Amino acid sequence: MLLKRIITASVLATLIALAVFKIPMEYFSLLIGLITLLAAWEWSYLIGITSPTKRVLFLIKLIVPMLAIHYWTYILELSAQTLELSVQRLAPIAKQADFTTISTYLETVDVPDIRTYSGALEWLVIPPILFWILVMILIRNTPTGVLALNLKLCYKELIGWFILLSAWMFLSRLRIFYGSEMTMYFFILIWMADISAYFAGKKWGKAKLAPVISPGKTVEGMYGALVTGIVSGGVLSLIYSFQWMVALDFVLLSVLTVLISIYGDLFFSVVKRQRGVKDSGTLLPGHGGVLDRIDSLVAAAPFFYGCIYFVYRSIS
């Protein structure tokens, strides 16, 4: 089983690295979108949607906002052109109809460049960050209560839609705005933390982190992952010769990102335990389903993006 996990993980890591560095941004976003849809298919099963038609509808509910977000700038461009054209056409019509006040206003109105509002999407990172922080607090303090929580199907569907869409959106934007190297750092950070947690837990693990949810995870394993976050942030800072304040920011955001990823993993363990299954699927040998492989990434992506956004703003 361990050999299968290593082989599968190695192949996936190689493919992700090639995707991050080699393919254009649009195709990277499409690739991440396809992976997200596979995870969404598994999520629909985990929450109890058994009808193929309803599961496909759930995918469509994801695809539509994905397209809207992907083409957001083009939509704003079209809106700006449409508004400007409308003003130009309405002004002479109002003047001919002797609507003096209206015509004067339309002739003098300064149509704003709506494209300047394209950055409004950045603020959408706040809800998923707050969601994952809340999940972390609840699992840390009341794991039994979280496990016993019995939400309606529509709420489970909404949660899955929300977290998967957020993960795709901000992972795509990470590559677009902060480049391949920062995107690859994010993947390496989560992968190394996952590996460190596994081996630290095997070597020193005694205290269970959340035994009612995931008996195999230990506090010592979590500490191993957090140490990896510190080391990773420090190494990145040395490579790019960051000033010490920026370096501290990157170390802190790396540690917090790892912490969120750990509780993201536990969150999906809750969903699988409620469903009574060990894995979300069987697509990946030794790993289960797609969702089993990306659960930590789903939780960590919005948080990491939000932190990077504010660090870069503070620098500039």
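The answer below concerns helix H6 and the parts of the protein around this helix.

Analyst: This is a predicted model, in which local features need pLDDT of at least 70 and side-chain atom pairs count only at pLDDT 80 or more, while totals for chains, interfaces and linings use all residues. Residues are numbered from 1 along each chain as its sequence is written, and side-chain values use heavy atoms, with hydrogens and water left out.

The setting comes first. The protein contains 11 helices and 2 strands; helices (H or I, at least four residues) and strands (E, at least two) are DSSP runs, numbered from the N terminus. Along the sequence, their pattern reads α-α-α-α-α-α-α-α-β-β-α-α-α. Of the 316 residues, 46% count as buried, where buried means under 20% relative accessible area, exposed over 50%, and partly exposed in between, with a 1.4 Å probe and protein chains only. Among contacts between residues at least 6 apart in sequence, 75% join residues at least 24 apart; a contact means heavy atoms within 4.5 Å.

Helix H6 covers residues 126-141, and at 1.5 Å a residue its 16 residues should span 22 Å. The expected span is 1.5 Å times one less than the number of residues. The end C-alpha atoms of H6 are 23 Å apart, which agrees.

Which residues of H6 are buried? They are Pro128, Ile129, Phe131, Trp132, Val135, Met136 and Ile139. Seen down the axis of H6, these buried residues fall within an arc of 160 degrees, so they line one face of the helix; the arc is that of the directions from the helix axis to the C-beta atoms. On the other side of H6, Leu130 and Asn141 are exposed.

The buried residues of H6 have several packing partners: helix H7 (143-148), helix H8 (153-204), helix H10 (244-275) and helix H11 (290-315). Two of these partners, H8 and H11, have axes that come within 7 Å and cross at roughly 105 degrees. Axes are lines fitted to C-alpha atoms, for helices over the stretch in contact, and angles run from 0 to 180 degrees between N-to-C directions. The residues of the contact of H8 with H11 comprise 26 nonpolar, 2 polar and 3 charged. Here Ala, Val, Leu, Ile, Met, Phe, Trp, Tyr, Cys and Pro count as nonpolar, Asp, Glu, Lys and Arg as charged, and the others, Gly among them, as polar.

Helix H8 also includes Lys203. This lysine, Lys203, is exposed, with a relative accessible area of 61%. The C-alpha atoms of Lys203 and Glu220 are separated by 8.9 Å, and the two residues are 17 apart along the chain.

Ser241 is exposed, with a relative accessible area of 59%. The phi angle of Ser241 is near 55 degrees, a positive value in a residue other than glycine.

In summary, H6 has one face lined by buried residues, and those residues pack against H7, H8, H10 and H11.
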